[in-house]
Amino acid sequence: FKGLIKAISKGDVLVHHPFDSFRPVEAFVSGAVEDDAVIGIKQTLYRVGTRSPIVESLLEAAEEGKQVAVTVELKARFDESNNLVWARALERAGAHVSLGFPEMKVHCKLCLIVRREGNSIKTYAHIGTGNYNPTTARLYTDMGIFTADPDLCEDILNLFNFLTGFSKQREYKKLL
């Protein structure tokens, strides 16, 4: 995890699945659980599968007292009941869970790690076209980017505030 954070700090890292391994995406979340400097994880979940290392990491983070905020889309065709099961498990573990909006489908794939570094807070993000599902990551062609770009991470933080009901902001600097 710390090697990934170091690489992201130097510049954006592009991944192209299934040609690049999905493991760094899973390590991004699981490493955040183990890192004492990480104070929060925010993530969107669309189709994660019945067995999900990423959701298991989010559950562990919430149980350990890290701030976990998750937007779970219930309108994921054929995965609605599975997503509801995960949403309830995350709530029981102490995560803040929002279930999307009736008037729109939350199809974005985002993960934001909030980390204390010295006397400041730094954010790291993953943005992807694919689902946070290790099985489909080996089948479908998707792109992802890891970034520490301050403007982009601020936009992602503001989007999570919107998705979880803490903001009405709908305009962003870099995030389309």
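1. A residue is called buried here when its relative accessible area is under 20%, and exposed when that area is over 50%. The model is predicted. With that cut-off, helix α1, residues 2-10, has L4, I5 and I8 as its buried residues. Seen down the axis of α1, these buried residues fall within an arc of 100 degrees, so they line one face of the helix. K2, G3, K6 and K10 are exposed on the other side of α1.

2. How many aromatic pairs does the structure hold? There is one. F28 and F146 form this pair, and its geometry is edge-to-face. The ring centres are 5.3 Å apart, with 65 degrees between the planes. The angle is over 60 degrees, the cut-off for edge-to-face, so the pair is not counted as stacked or tilted. The pair links distant parts of the chain. F28 sits in helix α2 and F146 in strand β7, 118 residues apart.

3. Are the two partners buried or exposed? F28 has a relative accessible area of 0%, so F28 is buried. F146 has a relative accessible area of 1%, so F146 is buried too.

4. Now the cavities. A search of the whole structure finds one cavity of 30 Å³ or more. The largest cavity has a volume of about 80 Å³. It is lined by 13 residues, and those closest to its centre are H17, F22, G130, N131 and D142.

5. Which element gives the most to the lining of the largest cavity? It is β7, with three residues. Both β6 and β7 supply at least two residues each. By class, the lining has five nonpolar, seven polar and one charged residues.

6. E26 is worth a look. It is found in helix α2, the helix that also holds F28. E26 has a relative accessibility of 12%, so E26 counts as buried. Beyond its neighbours within four places in sequence, E26 is in contact with P53, I54 and P134.

7. Q43 lies in strand β2, residues 38-45. Is Q43 buried or exposed? Its relative accessibility is 0%, so Q43 counts as buried. Its contacts, leaving out residues up to four places away in sequence, include V29, I54, L58 and A69. V70, T71, L110 and C111 also touch Q43, as do Y132 and F160. I54 is a contact of Q43 and of E26 as well.

8. S98 lies in strand β4, residues 96-98. At 10% relative accessibility, which is under the 20% cut-off, S98 counts as buried. Which residues does S98 contact, leaving aside its neighbours within four places in sequence? They are V70, T71, V72, L163 and T164. Among these, V70 and T71 also touch Q43. As for spacing, the C-alpha atoms of S98 and I41 are separated by 14 Å. Along the chain, S98 and I41 are 57 residues apart.

Technical notes: Residues numbered from 1 in each chain as written. Predicted model: local features only at pLDDT ≥ 70, side-chain atom pairs only at ≥ 80, totals over all residues. Heavy atoms only, no water. Buried < 20%, exposed > 50% of the residue type's maximum accessible area, 1.4 Å probe, protein only. Helix = DSSP H or I, 4+ residues; strand = E, 2+ residues; numbered from the N terminus. Arc of directions from axis to C-beta. 1 Å grid on protein atoms, 1.4 Å probe; cavity = no way out; pocket = protein on both sides within 12 Å on 5 of 7 lines; lining within 4 Å. Points joined across faces, edges and corners; volume = space filled by probe spheres on them. Nonpolar A, V, L, I, M, F, W, Y, C, P; charged D, E, K, R; others polar. Phe/Tyr/Trp six-rings, centres within 6.5 Å; stacked < 30°, edge-to-face > 60°. Contact = heavy atoms within 4.5 Å.
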